[in-house]
Structure formats: structure tokens, C-alpha cells
Amino acid sequence: MTSAATPKGLRRRARLISAAGELLLEGGFDAVRHRAVAERAGLPLASTTYYFESLEDLIVEAVTFTCHHDEEAIRLRSELLTRRRRGGEATAEALADVFVGDCTTRDELTTRFEMVVLCARFPRLRPVLANRRKLLAGLHGEVLEKSGRVGSPARIAQLMAVEDGAVVGALADAEDDVMAVTRVALCDVVDVLAPVNA
């Protein structure tokens with residue numbers, strides 16, 4: 001990667017990454033193009049090729065940036081969750097609140113899953129998203145523990161798959177309340193996959 005190590009160079013590179021992340025959220029991967037990123041960042045077009053060797057480099061940085069901000073929002077919601085024993089329905093609600101979030105936009109949710117699908121075309125995204133899955137699995141464990149429940153790594157993976165399927169289905173069906181769809185899906189399985197800690 002070509003990069004200036006000066007503070008000004010680091011700031012410009014950060015502006016380009018932020019602009020690429022915004023475009024990714026707004027229009028998906030097709031929206032992240034050199035010219036669009038430069039215009040959004042208010043920088044010359046040549047800066048995108050100066051700071052990034054290729055469009056793929058820029059996309060990987062945009063995905064990393066977007067994942068980081070999404071993960072921070074999820075982590076904050078997890079930290080704010082109160083510790084108390086929860087029944088199945090309340091646990092499903094807590095999981096949906098933390099991992100979907102009522103302030104998460106449809107664009108943000110769509111981008112989450114678009115990134116997963118496009119790993120096949122962008123192999124350099126695989127480690128970014130593998131690390132994200134590990135982090136989210138750990139946070140699921142924390143939410144379950146705060147709710148007086150337990151879940152093995154395999155069961156947490158199943159729980160996450162149910163969540164993912166519910167969100168994707170709700171987006172595909174243009175459901176207005178993605179969180180409600182996710183809650184219902186989780187409510188059906190939470191007692192099996194994350195039983196009460198005896």
C-alpha cells in the first residue's frame with residue numbers, strides 16, 4: 001500500500017476510508033468507486049490511487065471501517081443490558097435488541113449481509129468477517145450469561161444463524177419491524193439453544 005506517514009496523509013487516508021464506508025452503507029459495493037469516494041471525501045481523484053493500491057484495497061478498508069462502527073454499537077448495547085434472569089421471550093427480546101438494534105437502519109442491516117455474501121468474490125474480506133463472527137459470538141455469550149442462560153459455542157453459532165436468517169428474511173420481505181421478526185424467530189429456539197443456567 002502506498003501511504004504517506006505524515007499526520008496530513010493519515011488524515012486524508014482516514015477521510016477516504018470514512019467516505020468509502022458511507023458509500024458502502026448507502027449503495028452497497030457498487031457505490032464504492034474511486035471517483036465517488038474522492039468526491040465524498042472532498043479530495044482529488046488521484047488521492048484514491050495514492051493511498052490505496054487498488055479498488056479492492058479501498059473496499060477492504062471500507063468494510064473494516066463499517067464493521068468496526070457496527071460492532072461498537074452492538075458492544076455498547078450489550079454493555080447497557082441489565083443483568084437479570086430472563087424467560088425465553090425476554091431473552092429473545094434482549095438478543096434482538098442487542099444484535100439488531102432499533103436504531104440500526106435497513107441500509108446498515110443490508111450491508112452486514114452483503115459483506116458476508118461478497119466474501120466469495122473478495123477473499124481478503126474473509127479474515128475481517130471471521131474476526132467479526134468471533135467477536136459477535138463472544139458478545140452473544142455475554143448476553144446469555146447476563147440473562148441467566150448458557151450456550152455452548154456450537155449452540156451460539158446456531159442461535160446466530162437463526163438471527164441472521166430472520167433478519168435476511170425480514171429484509172427480503174420488506175418487513176417494517178425487523179426486530180419483531182427476529183424476536184419471534186429467536187423465541188421459538190432460545191430455550192433449546194440457550195437453556196436457563198441451573
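A salt bridge is counted where a side-chain nitrogen of Lys or Arg lies within 4 Å of a carboxyl oxygen of Asp or Glu. The model is predicted, so local features are given only at pLDDT of at least 70 and side-chain atom pairs only at pLDDT 80 or more, whereas totals for chains, interfaces and linings use all residues. Residues are numbered from 1 along each chain as its sequence is written, and side-chain values use heavy atoms, without hydrogens or water.

By this rule there are 12 salt bridges. Glu-26 pairs with Arg-40, with 2.8 Å between the closest N and O atoms. Because Glu-26 belongs to helix α1 and Arg-40 to helix α2 (residues 34–41), this pair ties together parts 14 residues apart in sequence; helices are DSSP runs (H or I, at least four residues), numbered from the N terminus. Both residues are partly exposed, Glu-26 at 48% relative accessible area and Arg-40 at 34% (buried is under 20%, exposed over 50%, partly exposed in between; 1.4 Å probe, protein chains only).

A further salt bridge joins Arg-13 and Glu-61 at 3.3 Å, N to O. Arg-13 is in helix α1 (residues 7–27) and Glu-61 in helix α4 (residues 55–80), so parts 48 residues apart in sequence are tied together. Arg-13 is buried at 13% relative accessibility, while Glu-61 is partly exposed at 25%.

The side chains of Glu-145 and Arg-83 also form a salt bridge, at 2.8 Å from N to O. This pair links helix α7 with the loop between α4 and α5 (88–99), 62 residues apart. Glu-145 is partly exposed at 45% relative accessibility, and Arg-83 is exposed at 55%. Salt bridges with shared partners join Asp-70, Glu-71, Arg-112 and Arg-132 into one network.

Technical notes. Helices (H or I, at least four residues) and strands (E, at least two) are DSSP runs, numbered from the N terminus.
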